Amino acid sequence: MNDLDAWYTAADKPELVTFGPVHGLGVTGQGEPGGEEYGICVSALYAVAGALPSPHAAPLEGRWWVEDPRPYLEVPRDQWRWHLFLRLPDDLDPAAADRAREDARPSGLAVDRVQLATFTEGRCVQLTHHGHYADEPVSLALLDEYMTEQGLERAGLHHEIYLSDVRESDPAKMHTILRQPVRPVRS
């Protein structure tokens with residue numbers, strides 16, 4: 001399995017994996033998933049991706065966090081912060097992304113918010129969540145239990161890869177990779 005295939009594959013039970021740097025188009029915002037700000041950013045992201053010389057149909061990804069001391073699921077969703085991301089082939093010329101943003105400008109969408117992004121997750125725990133997004137806390141609890149058993153703690157942003165269309169409403173067809181960068185528990 002190559003790195004690209006591994007990036008979009010996760011077991012149904014928690015597993016430990018390691019990933020190097022990835023490159024793509026990214027946009028940052030705040031607000032409820034599916035809310036106005038989120039929709040504006042997703043539209044701009046896809047407009048730029050669609051203007052690439054060879055449009056790349058990568059799944060939408062989101063890296064999430066809150067700036068609040070409470071557990072993130074207790075924070076109102078309009079306060080959630082996110083980096084949305086579409087992975088690009090590693091060999092894509094960065095100038096092609098700049099040209100795509102210019103080509104998408106006449107769309108009137110917020111394409112200036114879309115930037116090239118690179119990040120490295122390193123060591124992570126992950127699993128594939130099957131079902132509605134609202135049911136993710138059950139899968140997240142499995143990840144937390146696995147991290148505790150393995151002597152690991154969070155070391156980065158919660159990451160989701162939406163393998164099914166984010167507009168899908170049939171829970172039987174909804175599949176999301178839940179990924180959490182980790183490190184050994186500090187004593």
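Modeller: A residue is called buried under 20% relative accessible area, exposed over 50% and partly exposed in between, with a 1.4 Å probe and protein chains only. The model is predicted, so local features need pLDDT of at least 70 and side-chain atom pairs count only at pLDDT 80 or more, whereas totals for chains, interfaces and linings use all residues. Residues are numbered from 1 along each chain as its sequence is written, and side-chain values use heavy atoms, with hydrogens and water left out.

Biologist: Is Phe19 buried or exposed?

Modeller: The relative accessible area of Phe19 is 5%.

Biologist: Which geometry do the rings of Trp7 and Phe19 adopt?

Modeller: Rings of Phe, Tyr and Trp (its six-membered ring) pair if their centres lie within 6.5 Å; planes under 30 degrees apart are stacked, over 60 edge-to-face, and the rest tilted. By this rule there are seven aromatic pairs. For Trp7 and Phe19 the centres are 4.9 Å apart and the planes stand at 80°, so the pair is edge-to-face.

Biologist: Which elements hold the two partners, Trp7 and Phe19?

Modeller: Helices (H or I, at least four residues) and strands (E, at least two) are DSSP runs, numbered from the N terminus. The two residues are twelve apart, and their pair links distant parts of the chain. Trp7 belongs to helix α1 (residues 3-7) and Phe19 to strand β1.

Biologist: Which residues form a cluster through ring pairs, and which charged end sits over the ring of Trp7 at 4.4 Å from its centre?

Modeller: The cluster made by ring pairs consists of Trp7, Phe19, Phe85 and Phe119. A charge sits over a ring if NZ of Lys or CZ of Arg is within 6 Å of the ring centre and within 35 degrees of the ring normal. Arg87 lies over the face of Trp7 at 5.2 Å from the ring centre. The charged end at 4.4 Å from the centre is that of Arg179.

Biologist: With which side chain does the side chain of Gln126 make a polar contact?

Modeller: Gln126 is placed in strand β4 (residues 115-130) and is buried, at a relative accessible area of 1%. A polar contact is a pair of N or O atoms within 3.5 Å; within protein, one must be able to donate a hydrogen and the other to accept it, and residues adjacent in sequence count only if both atoms are side-chain atoms. The side chain of Gln126 reaches the backbone oxygen of Thr9 at 3.1 Å. Its side-chain partner, at 2.8 Å, is Arg179.

Biologist: Where does Thr9 lie, and is Thr9 buried or partly exposed?

Modeller: Thr9 is found in the loop between α1 and β1. Its relative accessible area is 37%, so Thr9 is partly exposed.

Biologist: What does the side chain of Glu121 make a polar contact with?

Modeller: Glu121 lies in strand β4 and is buried, with a relative accessible area of 9%. Contact means heavy atoms within 4.5 Å. Leaving aside neighbours within four places in sequence, the contacts of Glu121 include Trp7, Phe19, Arg63 and Arg179. The polar contact, at 2.7 Å, is with the side chain of His159.

Biologist: How far does helix α2 reach from its first C-alpha to its last?

Modeller: Helix α2 (residues 36-50) has 15 residues. The expected span is 1.5 Å times one less than the number of residues. The reach of α2 is close to that expectation, at 21 Å.

Biologist: How many residues apart in sequence are the parts that the pair of Tyr133 and Tyr162 ties together?

Modeller: Tyr133, partly exposed at 24% relative accessibility, lies in the loop between β4 and α4 (136-150). Tyr162, buried at 6%, is in strand β6. The separation in sequence of the parts tied together is 29 residues.
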